[in-house]
Structure formats: structure tokens, C-alpha cells
Amino acid sequence: MDLLNTLVEKGLRRELPTREEALAVLATPDDDLLDVVAAAGKVRRQWFGRRVKLNYLVNLKSGLCPEDCSYCSQRLGSKAEILKYTWLKPDEASRAAAAGVAGGAKRVCLVASGRGPTDRDVDRVSQTIEAIKEQNEGVEVCACLGLLSEGQAGRLRSAGADAYNHNLNTSEGTYGAITTTHTYADRVETVHQAQAAGLSACSGLIAGMGESDSDLVDVVFALRELDPDSVPVNFLIPFEGTPLAKEWNLTPQRCLRILAMVRFVCPDVEVRLAGGREVHLRSMQPLALHLVNSIFLGDYLTSEGQAGQTDLDMIADAGFEVEGAGTTTLPRHRAEAGGGCAAHSGGGGSTQADGCGSHSGGCAPCGDGSGAEAAAAEAAEVPAARTDLVSVRRRGAGTDLAPNA
């Protein structure tokens, strides 16, 4: 297929595909799916070999968020029966983090619900970062605390944070349909603040909220321009009690095409398979390892993932290996340059809570210019909702039960 050959050649050169090429990946038929996976897999192996980086989430503060993000089980007015608790103490968070590190996680992602941290919150998280670093030599720590105020990113960096996560979630054009209490521009500004402070930027998206193919391409091209080091790809977990509880728009095949498109657009970035993989990819999760080079281990923020040992077995059975603590994740050219989502030689290009690519999201459906008939055909292929696969987290951080790692 000429399209796939072209995309592989561009990916190996770190060159930006055209919008038409990215859209064409999303439009490929299921009969060509394995060809798409194999092509994107060549790009993945060029820059990351067969390594899989493991990340582990610690939900520092769960629920009761004042923001109205439609996808989020912790949102203002959410009826989802999730765990709700205030800030974990530094020693509690450190013990939770240690479980993930013992399971093979190289990075610990510290997430807290809310619009953004107060200065006191930053002090609290700084103490937690220091405790985790003291007890887990070599571990990376990523913070995800919402919108940052002036100087807060630098304080987190001084405390030992390696990265900061803040997802764009969806395209700028549809952002107002999923959230009204902050703007797309607010999110972009927070990522810029993290980068300016010397933190590795982590910013991704949420698919399955009713968005069009054009929206997906828009947000991934925007991420390429934003230049984060890691791009988490979440698939909406439609929690009962949230406005998007009925948005079951994904098939395993659709998820794989989305991941392949992200890999072609951001060839040398850490693409992370995040929230919703168990719900939407199901038995096809191992195929996704040919596209991504990073996953979350165990549970998410407010939902449970598959058993940590199952994750490790899946990686081994698929012929991949867990990335060791002494290995640099990013390719040398990116690591030496301080990171970024894509090489500049190829041209420019334009959380389940909001955190570290660990949740799902939502937006109102809108057209993609492909016509009503194509949209109806796509909708007809979507299977019945698998609400049995949405499991609210009842263990780990904020509980007396052992974590899943």
C-alpha cells in the first residue's frame, strides 16, 4: 500500500505526514488493519526497539473536583460512585508508589483532582516527591495537578519532579463542548510553563467521546507542535453518573488505527497506552504494543485495570521486554535536546480524572466531512456497550486494600 510505505519512510525520517495521510490511516478498512499495525510497528521499533516502559499511577486526592469536564468521574456534579478522599500523606503516597516500582514501573505519576494546586498543595506534593525519590532510587516522578500558576512548575522541578502531565484531550475546536470551567488555551499554557521550568512535558488525548476523525487529527497535530516528550492516548471510560456515560463509540480496530496515526505523526515520542485499554482493546491489547512503547501498570485513578502480573505476562508473550531503570526512554537525539514530540527536520505542523494520561474524556459528536452515510456505517460497526468492563477502583491509594501492581 503506497500510503503505508510513505508513512513508514516519513516516520523513519521523523517527517510530519500530511493531514490527508493521517486521516487516511483512520479511514483504512479492517481488512487492512494488520498492514497498518505492521507499518507503524516499523516506526516504533526504529526509535524504541521492543522496549515497553511501565508507569504507575498514585491518586493523591480523589473526587470532589470543581471543574466540569464531561468525561471525568471526579467532575463537579458527578454521580459516579468512586473513591473520594483528601490528600494522602507523603509516607502513604510513597508506600503506594513503592508497590508500582516493585512491579517494574520506571515512572510514578502523582495525580490530584482539582482545577490546580495552591502553593500549599505544591509544598505537600514536593514533600511527597522527595519521599518517593529517597526510597526508590532512580525512579522518575511525574506530577499532574491541573493548571499551574506562575512559579509552581519551577518549585516542583526543584523538589525533584522529572515531568509534568497536562492533556489537551481533544481538538481546540471542540474543547468548549466538553469543558466550560477552563479553556483549551489554559491547558496549552500549563504545558508551556512545565517546559519552561525544565520539566519533561507529558500531554495527550482522549478518544471515543464522539469526536470526528478531523478532531483526532487536529489534536494530534497540535500535540506535535506543542512538542511534549510523551503522549498518552486514553480511550473514554464511560462512567455511569457522568454526561458521557452513553458514549460507546470505539471498537478494538478503531483504537488500533488511532494509535497507529499517533505513532506516524509523533514517530520518536513516548506514545503511552493509557486509560481504557482493557475496556476497548480487550483481547487485542498485545497488538497495541507494536504501536506504543509505554503503558500504565495495574490500576488507574478511579477505575481498575487488569492485574499487574497480567500486564507483565502480556508484554513477554508478545515478544517485548520491560524497559529497565538504567535505559534512557527517548532516542538519543531527543534526550540530548531535552525532548520534544517530533523532529523539526520534517516541518512544523499544527488522565480517570485529568491526570497523567490515565482517564477518559468526552465531547459532543460532530461531523468529519465524510458524509452522513459514512458516519452511519461507522456507528453500525460499534458493538453493544460493555459496561461490565468498567470497574470502579476499590483498592490501593486511599483504601486499606493492597494495590494492584
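The model is predicted, so local features need pLDDT of at least 70 and side-chain atom pairs count only at pLDDT 80 or more, whereas totals for chains, interfaces and linings use all residues. Residues are numbered from 1 along each chain as its sequence is written, and side-chain values use heavy atoms, with hydrogens and water left out.

I begin with the protein as a whole. It has 14 helices and ten strands; these are DSSP runs numbered from the N terminus, with helices (H or I) of at least four residues and strands (E) of at least two. Of the 405 residues, 60% count as buried. Buried here means under 20% relative accessible area, exposed means over 50%, and partly exposed lies in between, with a 1.4 Å probe and protein chains only. The accessible surface comes to about 14700 Å², by the Shrake-Rupley method with a 1.4 Å probe, where for residues only the protein chains shown count as cover. Carbon and sulfur atoms account for 49% of that surface.

At what angle do H2 and H9 pack? Helix H2, residues 19-26, and helix H9, residues 252-265, pack at about 155°, with their axes 8 Å apart. Axes are lines fitted to C-alpha atoms, for helices over the stretch in contact, and angles run from 0 to 180 degrees between N-to-C directions. H2 and H9 are therefore roughly antiparallel to each other. On this scale, angles under 35 degrees count as roughly parallel, over 145 as roughly antiparallel, 65 to 115 as roughly perpendicular and the rest as oblique. The crossing of H2 and H9 is right-handed; that term applies if the near helix is turned clockwise from the far one by less than a right angle, and left-handed applies if anticlockwise.

Which residues make this contact? From H2 they are Ala22, Val25 and Leu26, and from H9 they are Arg254, Arg257, Ile258, Ala260, Met261, Phe264 and Val265. Contact means heavy atoms within 4.5 Å. By class, the contact of H2 with H9 has eight nonpolar, no polar and two charged residues. In this scheme Ala, Val, Leu, Ile, Met, Phe, Trp, Tyr, Cys and Pro count as nonpolar, Asp, Glu, Lys and Arg as charged, and the others, Gly among them, as polar.

H9 also meets helix H8, residues 213-226; the two axes come within 10 Å and cross at roughly 35°. The crossing of H8 and H9 is right-handed. On the H8 side are Asp213, Leu216, Val217, Val220, Phe221 and Arg224, and on the H9 side Arg254, Ile258, Met261, Val262 and Val265. This contact of H8 with H9 divides into eight nonpolar, no polar and three charged residues.

The remaining pair is H2 and H8, whose axes come within 10 Å and cross at roughly 125°. That makes H2 oblique to H8. Here, too, the crossing of H2 and H8 is right-handed. H2 contributes Arg19, Ala22, Leu23 and Leu26, while H8 contributes Asp213, Ser214, Leu216, Val217, Asp218 and Phe221. The contact of H2 with H8 comprises six nonpolar residues, one polar and three charged.

Next, some individual residues. Glycine 41 sits in helix H3, residues 33-48, and counts as buried at 0% relative accessibility. Leaving aside residues up to four places away in sequence, glycine 41 touches His290 and Leu291. Glycine 41 and arginine 263 are 222 residues apart in sequence, yet 8.6 Å apart in space, C-alpha to C-alpha.

Is aspartate 311 buried or exposed? At 0% relative accessibility, aspartate 311 counts as buried. It lies in helix H12, residues 308-317, and touches Arg277, Ile295, Phe296, Leu297, Gly298 and Gln306, not counting residues up to four places away in sequence.

Leucine 330 counts as buried at 16% relative accessibility. The C-alpha atoms of leucine 330 and serine 230 are separated by 9.1 Å, and the two residues are 100 apart along the chain.
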